[in-house]
Amino acid sequence: MGAQLAQILVEGCINGSSIALVAIGIALIWGVMGLLCFAQGEFLMIGMYVAYFMMELFGWDPLYSMPLCALVLFLIGPVVYYAMVRRVLTGPKLSQRLLTFGLSMVLANLALYFFKSDYRTIRDTDLLFHGNLQIFGLSIAANKLVPLIVCIVLTLALYLFLNCTRFGKSIQAVSQDKDAAALMGIPADRAHAIAFALSCAITGAAGGILTYYYYILLLHLPHRGHDLPALRLHRRVDGRLRQHHRRVCGRHHHGHRGHRRRLLSEHCAEVSVCLRRLHHHHFLQAEGTFREVTA
């Protein structure tokens, strides 16, 4: 019983390490900019596809292509920030969430169009590290141990960057007080761009190393009829929004200005609740995006 529990704990730590790395990227954006990025899963997907095609085309092990995955996402990050995110940072939170949610849908649909919804995986025998290791009586797959070590190294590297470099300290200054940092000559816009690029790079590296033991599988989109729970959820949310919109429009012509503002505020809150439900459903479906390779 004790050996089985230890095995389960080790497997949980290994499987959770890559997800923790993605969570660090999300937390970095949230802590610096106050932005909840819904497209982080799609950035992870891009990193996985880069590692997969590097293996298929050039025979690069994911461990070797992981820096390339991070570099590709590091370059994509500033483009996304300056083209989209920067424009909504001073706007309402709902606009920010709609933007990143829409970006995630666009990236997912583009990937579905170009790569289709087929399973893609790297054979265990093609990896640089494969087989099983016996450590303190526990059987650990080498292709799972490598991602764990890489995630720990990347986490330490990010910690050192944020605490020991000038750019890292400028990011921390902006996250603590943007106005005070600007008075000290630290441009908040540049710090935001670097933080967003770092977050994307970390997520890309996590995606590249995940291909060591995970399938790459795009979710079937709800409008294609393959995900019936998602289809029902989308219809329920759509119906709720339509009903609330009719109620607001019907009462909009009556009452004073303060009453209209309250109705508009209620409508925005309703939209936010529905978006959270949709986003919560996407997170619950995460196990369908990347399925673990079984022997």
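Just after H4, Lys116 takes a positive phi of about 65 degrees; helices (H or I, at least four residues) and strands (E, at least two) are DSSP runs, numbered from the N terminus. The model is predicted, so that local features need pLDDT of at least 70 and side-chain atom pairs count only at pLDDT 80 or more, while totals for chains, interfaces and linings use all residues. Residues are numbered from 1 along each chain as its sequence is written, and side-chain values use heavy atoms, with hydrogens and water left out.

H4 itself has 23 residues and reaches 33 Å from its first C-alpha to its last, close to the 33 Å expected at 1.5 Å a residue; the expected span is 1.5 Å times one less than the number of residues. Among the buried residues of H4 are Phe101, Leu103, Leu107 and Leu112, together with the polar Gln96, Thr100 and Ser104. Here buried means under 20% relative accessible area, exposed over 50%, and partly exposed in between (1.4 Å probe, protein chains only).

Is Arg120 buried or exposed? Arg120 counts as buried because its relative accessibility is 16%. Its side chain reaches the backbone oxygen of Phe115 at 2.7 Å, a polar contact (a pair of N or O atoms within 3.5 Å; within protein, one must be able to donate a hydrogen and the other to accept it, and residues adjacent in sequence count only if both atoms are side-chain atoms). Leaving aside neighbours within four places in sequence, Arg120 is in contact (heavy atoms within 4.5 Å) with Tyr49, Tyr52, Phe53, Phe115, Tyr215 and Ile216.

Helix H2 is mostly covered, with 14 of its 19 residues buried. Its end C-alpha atoms are 27 Å apart, which agrees with the 27 Å that 19 residues should span at 1.5 Å a residue. Just after H2, Gly59 takes a positive phi of about 75 degrees. Val50 is found within H2 and counts as buried, at 18% relative accessibility. Apart from neighbours within four places in sequence, Val50 is in contact with Leu68, Cys69 and Val72. Val50 and Leu73 lie 23 residues apart in sequence and 9.9 Å apart in space, C-alpha to C-alpha.

In soluble globular proteins, nonpolar side chains tend to be buried together. The largest nonpolar core of this model has 64 residues, and those with the most contacts inside it are Met33, Phe43, Tyr81, Val85, Ile171, Phe196 and Ile209. Such a core is a set of buried Ala, Val, Leu, Ile, Met, Phe, Trp, Tyr and Cys residues joined through side-chain atoms within 4.5 Å. The elements that give two or more residues to this core include H1 (2-33), H2 (40-58), H4 (93-115), strand E2 (138-141) and H8 (188-210). H8 gives the most, with 14 residues. Phe43, leaving aside neighbours within four places in sequence, is in contact with Cys37, Leu73, Leu103, Leu107, Phe196, Cys200, Thr203 and Gly204.

A search of the whole structure finds 0 disulfides (pairs of cysteine sulfur atoms within 2.5 Å).

Overall, the secondary structure comes to 11 helices and 2 strands, and buried residues make up 42% of the 295 residues.
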